[in-house]
Amino acid sequence: MTGRARQKGTKIPILDIPSLSNAYILPFFFTFIVLALYRSLRRLLLEERLDEDEDDDMLPLTYRSWTSLLIPLHICALALAHIVQHELDSDLDLELSEIPLEQCSHTLIRQEWRTLSDAHKQQYIDAVKCTQSLPQITTFEGVQSRFDDFQAVHIHTADSIHYVGHFLPWHRRFVKIYETTLRNDCGYRGAIPYWDWTLDVHNGSSILNSPVFDPTTGFGGDGVPGTFNISSLLSEAIIESSQIYLPSFVGCVQDGPFANFRVHLGPGKAIKEHCLMRGIDDEFTESLSRKAVEKALAQPTFEKFRVELEGGEDRPSEHGSGHLVIGGDLGNLYSSPADPLFFLHHANLDRLWWKWQTMDLRRRLTDISGKTLPFATPKHKTNVALDFMLKYDRLAASIPIKEIMDVREFPLCYVYE
Ligand SMILES: [Cu+2]
């Protein structure tokens, strides 16, 4: 039995109407049958005895005394046996009620983007576009579609989900919610693909050669310089409060499936409609190497692994570099889900966390730690534990971290290829 089992609502009724009637009507029925048999038998035996020896009362009396004790005892035993059986059945129901009903109906296999067929890639792109036309479910200012809902929830929780112990769990579930939206609301039949950037940085060529930037079978390429002036769009105050790194907002993406996509939220915490911007910068590829990943995977504890993978504001890392190597909104702490590549990058970070977990699965399925608040002073520092709740506004129900420690189990139900 798992915490998941207790958590997930619907239970098999322990006592339903048919089982109640079986429990209490059947013993009466048995009693009636046995009493009728007893009376018939007794009459028959007494008649025989009277025929044989009308003067000898002792034998029939003794015989009647025994039968009068045995048969009610027998009836009681029957009833008792039935009630005990019923209680056992109830216990069985109780056991069943603690087995999670919401189990994985199947397991999705998340694949690297370049291994998908062109048709599969197109289906994924179509599903992403579909979320950009689905009605919104949050009430954040500026939101116009379901795609915007995801960006808005990230913008409004960004300050409490980065540089903390629940950074990886929060994003694991966030990506899963998006995957579920693609499947349930947009008819997509696959899993979220991931982008393994180590495959694009090892030979010294620009990361722009990655298949994810392909204009026909990918997400389009770099931002075109001169197509957008971010400085005229935003005030100094919002640039500072949103930690906007101006050099990464080079220009609008003008090829591929999102060339004409209008981003409703951002940049940063601003709400200014704009094009999808990028500014690919190979300076950030160093932390995206196989060697960097191996260093992260070699960390002995979750906290050390998380810090290595996520980094900090002053230290390059796989997480930060994956964002900044593409730039634009994706390079911003708040508005990054404006770029559909956000989900492929975070699926890859999740894959690396799962890979680290599987290196010592028994221990690491419960290994969670780290601050609950970023930059908390030691005085106010509390640590993230398995019961820590992850929140997603109206996108999905809040959930404790312990429910998403194993990607193979409900509600996640996936593995990585
Ligand atoms: Cu984030």
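**Ground rules.** I am working with a predicted model, where local features need pLDDT of at least 70, side-chain atom pairs count only at pLDDT 80 or more, and totals for chains, interfaces and linings use all residues. I number residues from 1 along each chain as its sequence is written.

**Confidence.** I checked pLDDT, the predictor's confidence in each residue, from 0 to 100. The protein chain averages 83, and 74% of the residues score at least 70. Residues 54–62 stay under 50, and I found three contacts for them beyond four places in sequence; a contact here means C-beta atoms, placed from the backbone, within 7 Å. Residues 84–99 are also below 50, with 15 contacts beyond near neighbours in sequence.

**Core.** I looked for nonpolar cores, meaning sets of buried Ala, Val, Leu, Ile, Met, Phe, Trp, Tyr and Cys residues joined through C-beta atoms within 7 Å. Buried means that 20 or more other C-beta atoms lie within 10 Å of a residue's own (exposed is 12 or fewer, partly exposed in between). The largest core has 85 residues, and Leu276, Leu341 and Leu344 have the most contacts inside it. Helix 13 (341–358) is among the elements that supply at least two residues each, and its 10 residues are the largest share. Helices (H or I, at least four residues) and strands (E, at least two) are DSSP runs, numbered from the N terminus. Beyond four places in sequence, the residues that Leu276 touches include Cys252, Val253, Phe258 and Phe261.

**Helix 11 (302–310).** Which residues of helix 11 are buried? I get Phe302, Phe305, Arg306, Glu308, Leu309 and Glu310. Their cover includes helix 6, helix 10, helix 12 and helix 13.

I found three strands in an open antiparallel sheet, ordered 2-3-6. Strand 2 (223–225) and strand 6 (277–278) are the edges with a single partner strand each, so one side of each has no neighbour in the sheet. Strands pair if DSSP finds at least two bridges between them; strand 3 and strand 6 have two. Cys252 sits opposite Met277 in strand 6.

An unreviewed UniProt entry lists residues 162–179 and 339–350 for "domain: Tyrosinase copper-binding". Residues 162–179 are 72% helix and 0% strand, with end C-alpha atoms 21 Å apart. For residues 339–350 I read 83% helix, 0% strand and 18 Å between the end C-alpha atoms.

Definitions and conventions:
Two residues are in contact if their C-beta atoms, placed from the backbone, lie within 7 Å. UniProt positions are given in the numbering used here, feature names are shortened, and annotations may be inferred rather than shown by experiment.
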